[in-house]
Amino acid sequence: MANIELNHIRHAYMPNPQSKKDYALKEVHHTFEDGGAYALLGPSGCGKTTLLNIISGLLRPSEGDLLFDGVSVRDLPTEARNIAQVFQFPVVYDTMSVYDNLAFPLRNRGVEERVVDETVRHILNIIDLESKAHRKAQGLTADEKQKISLGRGLVRADVNAILFDEPLTVIDPHMKWVLRSQLKHLHKQFGYTMVYVTHDQTEALTFADKVVVMYEGEVVQIGTPNELFQRPQHTFVGYFIGSPGMNVVPCTLEGDGARIGEHVLPLNGIGRFGSGASLEVGVRPEFVSLRPSGEGLPIQVQGVEDVGRYRIVRAKLDDHDFHAIVMEGEEIPESPSAVISADNINLYADSWLVGREG
Amino acid sequence: MEKTVNNKAWFMVLPVLVLVAFSAVIPLMTVVNYSVQDTFGNNQFFWAGTEWFVDLLASERFTDALVRNLIFSFSILAIQIPLGIFIALCMPRKGWGVPVCLVLMALPLLVPWNVVGTIWQVFGRADIGLLGYVLNNIGIEYNYTQDPVAAWATVIIMDVWHWTSLVVLLCYAGLVSIPEAYYQAARIDGASKWAIFRFIQLPKMHRVLLIAVLLRFMDSFMIYTEPFVVTGGGPGNSTTFLSIDLVKMALGQFDLGPAAAMSLVYFLIILVFSWVFYTVMTNVGAEKPETKGE
Amino acid sequence: MLELKGVGKVVGGVDHIKDVSMTLEPGSLNVLLGPTLSGKTTLMRLMAGLDKPTSGQVIVNGKDVTGHSVRKRDVAMVYQQFINYPALTVYENIASPLRIAGLPKAELDRKVREAADLLKLTPYLERTPLNLSGGQQQRTALARALVKGAHLVLMDEPLANLDYKLREELRAELPKIFAESGAVFVYATTEPSEALLLGGKTATLHHGEVSQFGPTLEVYKRPNTLVTAQTFSDPPMNTLSIVKKGDVLELPNGDQIPVAENEKILADGPYIAGFRPHHLHLSKRTDHHFALKGVVQVSEITGSESFIHVDCVGETWVALAHGIRNIEVDDEIEVFLDPRNFLVFETNGRLATLDMPVEA
């Protein structure tokens, strides 16, 4: 296990990057702590795969350094970095048995057959494939194959980190639950440093202790799932995390309140820090409660979607889309208005969160 | 996957069926007809029964040619398949080198067979041919018209030159279809070059290799034009393969009955060998076709 | 209208589709929900006429078309992969089925622009598909399917290869688009949440059989069988073995709880109670709640909610709790259940209250 230090890393796919735009990965400066579970989350093209490839050694960063436990590995090839990786589509050696697949990384490194056997049996037990040890890998299901690729990483006692590149893409929803909780268990049990790339917020938030949200080549926020949910640093994080995403409505400041159309929302003191060209308030649909009209912001309901556990109210606030979530069993009043507690309102100046402290 | 039956489809394949009937089935039946009869010209035919077949299988001339053919086919397979794989592995996967290599590889395949023969016939001549001249000058005695070994070497090298490209192109197609993640995973697992070849590349090339072996076997077993142009089956009978012998018998000696019998036996041998190859190779890989989708 | 009557498909002696009967109304959205290999794609191929059923009939607008080839049927299909003509512009891609139909130029142009507008592709009409994002490529494929005006549009996991957020956006748009077109839509997915968001009707598939077909919410809230309930549940539905003894239900650990009002009429005997993760609470909310002790296996946070995997009376359950819960693995906790939230199944998996009227 190791901690992974990304030291002012930037990467451009073109030879002579001039402006910031030319970089596929704008400056990243962060340390993945030893034994942490991290997720890189963002839409396609946000640079998360570039960053993963830099860590795995497939790409050499244009600028900056990469250190494992303080030692630079920037110029080391993949095989010398002692990492394990699980890919989007299961990579197994078709002609080998499950057992031989797991033994492969050890045998390649000249490990004694007695030790190989012991380790492989142990890992087979952990990934729950003992009964299929001598089956050919080819005929197995996608989730079993993914377990084999994970297992090939686990057999090596000395891996610095396990990297996951959207590993659950081809897995059925029910199996996703099983695999995810097995992964969590492994992490708790062995304390591997894990980096998990995904565009799926549920996967990222449930897997990671810390989530790195990326957007257009930049890290926009690194935080715990809770922080990302409660206090998105950027409107993009608010939009990207949560389903539906955060309601973002332009406003102007009026004393310690935010004026939206004809209404003023109290801001509990954060208003005075707001400066910048464009101001917006952000409110999670989960924090909107609907009351009979008169109390809060009047909204025009456009439609209600019942998804069983809760209902999504799609509405307009002036001309802006505004969503609210109503839990099972709760009523939706006729011509409702939205009531939001000041604590759950975030203020954004030029898309970045306005601080609360001070 | 089963498809809905569309009877119109039969009309679409009708021209082909007619063509195949005229070009294959009818001639084949004629050959069968000839093989059981004797003729002295003037369209006079006499029933011969299995006589020609018995004669043929007992004749040394036939078995010698058959053995020569087998040795030839196995030699070129033993050279072309590994060589083809090797060249395919060395070819670039991306960049400007790809089209260049592909065109270079395709060139020999575009040369007509008799031209290939003529090229090598001239190339190997000791007086004016570059190869023959150089070899003789550096002290290696080389004369394919006199020396059976030289004749064999010429015919084999010629075939290798002509057809290895086909194996290369097939293998290359198999190789480029391997996703990059496999190589990356193998590097992470610390696999050697050999292990990557053995456990990733070879299994993924398995299918195309099967096609390559079949095609090359059938083609080489039926080889006629090139050795006919270069050596004419000589010196002596040393490069007389079944096809050359057959032509000699049918057109040279006009022994229609024995030639027809030989054609049939020849045809059956190719059929049997191809079938054996196919079965053995599909079983050796023991790869069940992947069940895809639902 | 598309009717399937006892449609079955046997391949190599194995039943791929077993005795499926369903009626799909024009202008309706029908979701086929089931895990991989449950037969969704096979069923779609039978509907389209790409395959011929081994038994049963396919009837379109009252006319038996079983065995008619797909070319003679009026069908459009959208696949998981983004399938477009790479060399043609988006405009030409969308126009292609109309060109084949030989539409006059002005009408063709109008239809293409309408479809492009509906799918927000107007700015990209002159680009080729490879210069578009995945979402735009799939929208192009959708537009091509819609513009054809086919009476049956089949979509096989069309959003599976798209980013999460894009999927969410398209999912919200699709029902509106469908409603405007009037065709029969069939949409295959593996994700229960997708079925819920799309609404319409849902058929749950399991091992080639349609276990239930009806309005999506109804199937979700009142599954006829345990199989349907489990197919239509993400996270998976929790189950608990119970024995009804008069006015009480006995749990595997010997605890007895009062029977909920609507289940009092059930005969005594063993049952399986199913309940969804959001009905497994971590605190006592109502008087009806009873407590069970459990050991935490995994806890996952999704931002506003937490998933707690807990071992309880010999089963592993998932609880969906509001807010962030800092619960450590191996903690002993109390979980609470309300028997009124139980879906009670007979031991053969049939909903025990199936023959009883649904409460208002």
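A: Let us begin with two helices that pack together. Helices (H or I, at least four residues) and strands (E, at least two) are DSSP runs, numbered from the N terminus. Axes are lines fitted to C-alpha atoms, for helices over the stretch in contact, and angles run from 0 to 180 degrees between N-to-C directions. Here helix α2 (residues 98-108) of chain A packs against helix α4 (residues 142-154) of chain A at about 35 degrees, and their axes are 7 Å apart. The model is predicted: local features need pLDDT of at least 70, side-chain atom pairs count only at pLDDT 80 or more, and totals for chains, interfaces and linings use all residues. Residues are numbered from 1 along each chain as its sequence is written, while chains are lettered from A and ligands numbered from 1 in the order in which they are written.

Q: Which residues of α2(A) and α4(A) make the contact?

A: Two residues are in contact if their C-beta atoms, placed from the backbone, lie within 7 Å. From α2(A) come Val98(A), Asn101(A), Leu102(A), Phe104(A) and Pro105(A), and from α4(A) come Ile148(A), Gly151(A) and Arg152(A). By class, this contact has five nonpolar, two polar and one charged residues. In that scheme Ala, Val, Leu, Ile, Met, Phe, Trp, Tyr, Cys and Pro count as nonpolar, Asp, Glu, Lys and Arg as charged, and the others, Gly among them, as polar.

Q: What is the order of the strands in the open sheet of chain A?

A: Two strands pair if DSSP finds at least two bridges between them. The open sheet has four strands in the order β2-β1-β4-β5 (chain A), and the pairing is antiparallel. The edges are β2 (25-32) and β5 (71-72) of chain A, each with a single partner strand, so one side of each has no neighbour in the sheet. Strand β1 (residues 4-11) of chain A is joined to β2(A) by five bridges, and Glu5(A) has Thr31(A) as its bridge partner in β2(A). Helix α1 (residues 48-56) of chain A lies across β1, β2 and β4 (63-68) of chain A, at about 125 degrees to β1(A).

Q: How many bridges join β17 to β18 in chain A?

A: Strand β17 (residues 300-306) of chain A and strand β18 (residues 310-317) of chain A run antiparallel and are joined by six bridges. Gln300(A) has Lys316(A) as its bridge partner in β18(A). Three residues lie between the strands of this hairpin, in which Gly308(A) takes a positive phi near 90 degrees.

Q: Why is helix α1 of chain C largely enclosed by the rest of the structure?

A: A residue is buried if 20 or more other C-beta atoms lie within 10 Å of its own, exposed if 12 or fewer, and partly exposed in between, with C-beta atoms placed from the backbone. Nine of the nine residues of helix α1 (residues 40-48) of chain C are buried, so the helix is largely enclosed. Among them are Lys40(C), Leu43(C) and Arg45(C). After α1(C) comes Gly49(C), whose phi is positive, near 90 degrees. Of the 360 residues of chain C, 45% count as buried.

Q: Where do the domains of chain C lie in its numbering?

A: Domain bounds come from an automatic or database domain assignment. Chain C is divided into domain 1 (2-231) and domain 2 (238-346), and their C-alpha centres lie 38 Å apart.
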